[in-house]
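Subject: Structure for your review

Dear colleague,

Please find below the structure I promised to hand over. I would be grateful if you would look through it alongside the findings that follow.

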Amino acid sequence: AFHGLWTIYSDAERAAVLDQLRDAGVRSVRIDLSWVMLQPDGPASYYPWGVNLVDSVIGMANQRGIWPLITLWLTPAWANGDRGERALPDNPADYARVAHWAAARWRGKVAGWEVWNEPNDPVYLQDADPAGYVRLLRSAYPAIKDAAPEAPVVFGGVEYNDTDWIGRAYDAG
């Protein structure tokens, strides 16, 4: 994973890390993207600072022949009654809408889309509810595929080999 969207990096530091990845033969890297940085103020607008940063980092990666797998996670307060960034949205369709927008915007520039980060761990997904996660995944998948049919959409990578949680997610549909 490359946390190139984190504000602890300068552009020079991002470039240096991406150069090291390219020189090591890396062709794809996982980058976590916060929905909060795209739509902090509501569903009707996109925050220029966040969008421009994502444009820049994806562009920097692409210039080096690296295609990011984007992990879209972290819910803005308006979408879940201010229960915290790591709580799922009240309406999975809100997540699907932003996923569709992002997949259309960065179509052909990313390797694919990962729905959430380590959804089995309450540190990353409040309550770590497999049924709630499946509702999010089932909403996001067709939205992403509508915007970028060629883009893979992947189940959020789980922490450890949590076959019990994965099994409960499959049972939930």
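Helices H4 and H5 are roughly parallel to each other, because the angle between them is about 30° and angles under 35 degrees count as roughly parallel. Please note that this is a predicted model. The axes of H4 and helix H5 (residues 130-147) are 8 Å apart, and H4 passes H5 in a right-handed crossing. On the H4 side, the residues that meet H5 include Pro92, Tyr95 and His100; their counterparts in H5 include Arg135, Leu136 and Ile144. By class, this contact has 12 nonpolar, two polar and two charged residues.

Helix H4 (residues 92-105) also lies across strands E2 and E3, and runs at about 160° to E3.

These strands belong to an open sheet of four strands, in which the order is E1-E2-E3-E4 and the pairing is parallel. Strand E1 (30-34) and strand E4 (153-155) form the edges, each pairing on one side only. From one strand to the next, the twist averages 30°. Within the sheet, E2 (residues 69-73) and E3 (residues 112-115) are joined in the parallel sense over four bridges, and Leu69 stands opposite Gly112 in E3.

Finally, the loop between helix H3 (48-63) and E2 contains Gly65. Is Gly65 buried, exposed or partly exposed? Gly65 is partly exposed, because its relative accessible area is 26%, which falls between the limits of 20% and 50%.

Yours sincerely,
A colleague

Notes. Residues are numbered from 1 along each chain as its sequence is written. This is a predicted model: local features need pLDDT of at least 70, side-chain atom pairs count only at pLDDT 80 or more; totals for chains, interfaces and linings use all residues. Side-chain values use heavy atoms; hydrogens and water are left out. Two strands pair if DSSP finds at least two bridges between them. Helices (H or I, at least four residues) and strands (E, at least two) are DSSP runs, numbered from the N terminus. Axes are lines fitted to C-alpha atoms, for helices over the stretch in contact, and angles run from 0 to 180 degrees between N-to-C directions. Contact means heavy atoms within 4.5 Å. Buried means under 20% relative accessible area, exposed over 50%, partly exposed in between (1.4 Å probe, protein chains only). Angles under 35 degrees count as roughly parallel, over 145 as roughly antiparallel, 65 to 115 as roughly perpendicular and the rest as oblique. A crossing is left-handed if the near helix is turned anticlockwise from the far one by less than a right angle, and right-handed if clockwise. Ala, Val, Leu, Ile, Met, Phe, Trp, Tyr, Cys and Pro count as nonpolar, Asp, Glu, Lys and Arg as charged, and the others, Gly among them, as polar.
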